[in-house]
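The entries below follow the order in which I looked things up.

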Amino acid sequence: MWTESSAGVQPLWDGLVPERLSSSSATSCPLPPRYEAVGDARRFARTTLHAWDLEELQDGIELVASELVTNALRYALPEGAAHGCVRLSLVRWSTRVVCAVRDPSSHGPVAKAPDFVAESGRGLHLVESFSETWGWHPLTGTGKVVWALFRMPGQNDGPSH
């Protein structure tokens with residue numbers, strides 16, 4: 001799990017509820033339980049980052065959002081899941097952007113051993129490569145949030161030596 005002391009920003013809590021933050025700092029969208037939602041996630045990320053004037057993060061966050069949503073759709077939804085069981089959230093902190101996907105499964109994601117000829121199984125390796133760090137946070141009751149952290153352009157954590 002992620003804590004403020006380990007990442008320098010507030011912890012992710014039960015689902016990254018944007019109502020707890022100003023609307024200019026956080027936004028989310030429910031996604032339908034079908035694979036076309038991956039394109040919706042990419043468009044949502046692109047539009048949000050444009051509104052926040054953070055286009056420099058667009059490629060990485062779009063890719064990570066699509067991977068996290070794909071994993072939620074593939075591994076976390078029960079048969080016959082209802083609309084809105086998966087939620088993509090983007091939260092802008094002072095020096096970071098968090099891309100998070102909430103789903104109803106309590107099982108954490110597991111990165112598979114890389115198989116570069118397989119058609120799938122590399123998503124979490126891509127998430128790790130494109131983000132500063134990533135992890136998951138169980139929710140009270142049921143479900144989880146899988147998140148990835150991105151440093152805003154021009155930000156660093158301390159004095160350079």
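This is a predicted model: local features need pLDDT of at least 70, side-chain atom pairs count only at pLDDT 80 or more; totals for chains, interfaces and linings use all residues.

Entry 1: I looked up helix α3, residues 58-76, and helix α4, residues 123-130. Two packed helices are described by the angle between their axes and the distance between the axes. For α3 and α4 I found axes that come within 9 Å and cross at roughly 150 degrees. That angle is over 145, so α3 and α4 are roughly antiparallel to each other. I recorded the crossing of α3 and α4 as left-handed.

Which residues make the contact? From α3 I listed Gly60, Leu63, Val64, Glu67, Leu68 and Asn71. From α4 I listed Gly123, Leu124, Leu126, Val127 and Phe130. I then sorted the contact of α3 with α4 by class: seven nonpolar residues, three polar and one charged.

**Entry 2: α3 by itself.** I checked the length of α3 against expectation. Its 19 residues, at 1.5 Å a residue, should span 27 Å. The end C-alpha atoms of α3 are 26 Å apart, which agrees. I then looked at burial. α3 is mostly covered, with 16 of its 19 residues buried.

**Entry 3: Asn71.** Is asparagine 71 buried or exposed? Its relative accessibility is 18%, so asparagine 71 counts as buried; the cut-off for buried is under 20%. I set aside neighbours within four places in sequence and looked for its contacts. Asparagine 71 touches Ala76 and Leu124.

**Entry 4: Val91.** Next I moved to a strand. Valine 91 sits in β2, residues 86-92. I read 1% relative accessibility for valine 91, so this residue counts as buried. Which distance did I note from valine 91 to serine 25? Their C-alpha atoms are separated by 5.8 Å, although the two residues are 66 residues apart along the chain.

**Entry 5: the whole chain.** I finished with the overview. The protein chain has four helices and five strands. From the N terminus on, I read the order α-β-α-α-β-β-α-β-β. Of the 161 residues in the protein chain, 45% are buried. Residues 24 or more positions apart account for 66% of them.

Technical notes
Residues are numbered from 1 along each chain as its sequence is written. Side-chain values use heavy atoms; hydrogens and water are left out. Helices (H or I, at least four residues) and strands (E, at least two) are DSSP runs, numbered from the N terminus. Buried means under 20% relative accessible area, exposed over 50%, partly exposed in between (1.4 Å probe, protein chains only). Contact means heavy atoms within 4.5 Å. The expected span of a helix is 1.5 Å times one less than its number of residues. Axes are lines fitted to C-alpha atoms, for helices over the stretch in contact, and angles run from 0 to 180 degrees between N-to-C directions. Angles under 35 degrees count as roughly parallel, over 145 as roughly antiparallel, 65 to 115 as roughly perpendicular and the rest as oblique. A crossing is left-handed if the near helix is turned anticlockwise from the far one by less than a right angle, and right-handed if clockwise. Ala, Val, Leu, Ile, Met, Phe, Trp, Tyr, Cys and Pro count as nonpolar, Asp, Glu, Lys and Arg as charged, and the others, Gly among them, as polar.
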